[in-house]
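Take a moment with the sequence and the 3D view, then read on.

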Amino acid sequence: MATRRAAGFSCLLLLSSLVLLTVPAFAGDKQLQPFVIQPDKFVVSESLSETAKTTAPPQFHGWIVLREHETPNHMTKIDKIPDPVIQESSEAVPSLGIKLGFNFDGVDGIQAGGVIPPDTNGAVGDNQFFLITNFAFNIYNKTTGAIEVGPLLINTIWKGFGGQCESDNGGDPVVLYDKAANRWLLEQLEYTSSYQICIAVSQTDDATGKYNLYSYTFNGLPDYPKLAIWPDAYYLAFNYFGPGDGEPCAMDRTAMLSGSKTASMICFNPNSSDMGFLPSDVDGSTPPPAGAPNHYVELGNSNTTIKEYDFHVDFKVPKNSTFTGPHTITVPAYTQLCGGGNGACIPEPKGGGLLDALGDRMMFRNAYRNFGDHEAMLFSHSVAPGQGSTAKAAERWYELRSTPPGGSFSLYQGGTYQHKTDNYWLGSLAMDKDGDIAFGFSVDNSAKLDPSIWLTGRVPGDALNKMEGTKVVHKGTQVQGSINRWGDYSSMSVDPTDDCTFWYTQEYSDGGFNWQSHVVSFKFSSCQ
């Protein structure tokens, strides 16, 4: 699209980012007893397609910069240590064997009302692709690519609900498609009058139809929420910034699908040695083993470990719910990005500043799949490159397996995907029914490559721990400028219809402060 300059608009700092959060301390740094949160309110929405007819598109009133909270660093800082699983992308073989489908721009920052960063996220369903960003969304026909609804502000979905879910947009949105139930699940947080999570579950597989709407209130800001779908619950994780962190919750999926107004949430209080949890999110038609807990992963307390927890929820007898772990999984050593925090250290070419790295957490999603003879989980995080690179950022990825299903997870393969000069960061992975892995991420360098979107991936016959070459999705032509907020996440999803086609959504810069979300679909040539 044509470049839009945002000069002349003021940058506002979101007041909620200045709130100091108070979190209780726990004996032994662990809260063993679950607690129940009931919904504040339940309403069935009117049809979104009807609401859209009388709702004006978002208006741009100047830029709002969402501040990234300073997160506690739970890791032992060890810098400049040898990385034993480096892969140089420019030398990767074979070339990436994929065929691109759709490749188009989505909502941009001005269309979304002027908020930075976009928190670009999307999910593909049976008939639609749902793109959601801070603070706006589009719903596309996945066959034609045509927009069915949008751009609209997210709170449009809560029209008639009342309170801040209807009146405000807090951001950090996530949308997922519940493949087993053929329903859409989405959330965003709120904080203007109280700390809430707003949840919407569609009543059919049509994202433009009616939704079961809920709100839940917390004592502190449930920041950076991440959702996952599992047979027994919708699982949620968020960060309490302060003395405690990493709060896991489970929402009553059965009650939400049926439209019960008493759909409860069961949580465990945050543990100050945790942050950045990712619950496991099911892909494919084979469910997890019967009664299997959800698997939460996070970075370990050293740069040679990952921590995994098992969440078993019991909505009938909440006190029987358990959150057990950590189960420590050893991984190849890596050096933390930006010296171990989430600071801005990704350089742009001339005219641009340093972009946020978010190297202190796993990136969305924790993509789970059951192959019958084994279970697999995929996720990634950004790290400092190893020997042979002058770049600031590279992508570390992992595949954990449990063989046979129902056992303990351990590292099956993983690597550090890097380039001699280009920065790779803010990635997301998923796996198709054949075990092909797709991996998308942001790319730039300080010399001449503006922030761009790349893909890589691998097929099961490739050498373990190795990705194939890169594929350009969109080559950037603008720097973002003086604002360092980037991301905070992207997302890779798999089409439930053929279980082969991947849909990836990411951002690039449209010049000035404006970001541009982008959507690409593709599949490996071998997947039928």
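What is the order of the five strands in the open sheet? Reading across, the order is β3-β15-β14-β13-β12, and the pairing is antiparallel. Keep in mind that this is a predicted model. The edges of the sheet belong to β3 (41-44) and β12 (174-178); each has a single partner strand, so one side of each is left without a neighbour in the sheet. Going from one strand to the next, the twist averages 15°.

Let's zoom in on one pairing within that sheet. Strand β13 (residues 183-190) runs antiparallel to strand β14 (residues 195-202), and six bridges join them. As a reminder, strands of a sheet pair through backbone hydrogen bonds, in either a parallel or an antiparallel way.

Now for the rings. How many aromatic pairs turn up in a search of the whole structure? The count is 35. A pair of aromatic rings is described by how far apart the centres are and by the angle of the planes. Here are two of these pairs:

| Aromatic pair | Centre to centre | Angle between planes | Geometry |
|---|---|---|---|
| Phe277 and Tyr296 | 5.6 Å | 85° | edge-to-face |
| Phe311 and Phe323 | 5.6 Å | 75° | edge-to-face |

The Phe277 and Tyr296 pair links distant parts of the chain, with the two residues 19 residues apart. Phe277 lies in the loop between β19 (265-267) and β20 (280-282), while Tyr296 belongs to strand β21 (residues 294-299).

Which residues form one aromatic cluster? Both pairs in the table belong to it: the members are Tyr235, Phe268, Phe277, Tyr296, Tyr309, Phe311 and Phe323.

The charged end of Lys41 sits over the ring of Phe161, at 5.3 Å from the ring centre. Over the ring of Tyr224 you'll find the charged end of Arg361, 4.5 Å from the centre of that ring.

Notes:
Residues are numbered from 1 along each chain as its sequence is written. This is a predicted model: local features need pLDDT of at least 70, side-chain atom pairs count only at pLDDT 80 or more; totals for chains, interfaces and linings use all residues. Side-chain values use heavy atoms; hydrogens and water are left out. Two strands pair if DSSP finds at least two bridges between them. Helices (H or I, at least four residues) and strands (E, at least two) are DSSP runs, numbered from the N terminus. Axes are lines fitted to C-alpha atoms, for helices over the stretch in contact, and angles run from 0 to 180 degrees between N-to-C directions. Rings of Phe, Tyr and Trp (its six-membered ring) pair if their centres lie within 6.5 Å; planes under 30 degrees apart count as stacked, over 60 as edge-to-face and the rest as tilted. A charge sits over a ring if NZ of Lys or CZ of Arg is within 6 Å of the ring centre and within 35 degrees of the ring normal.
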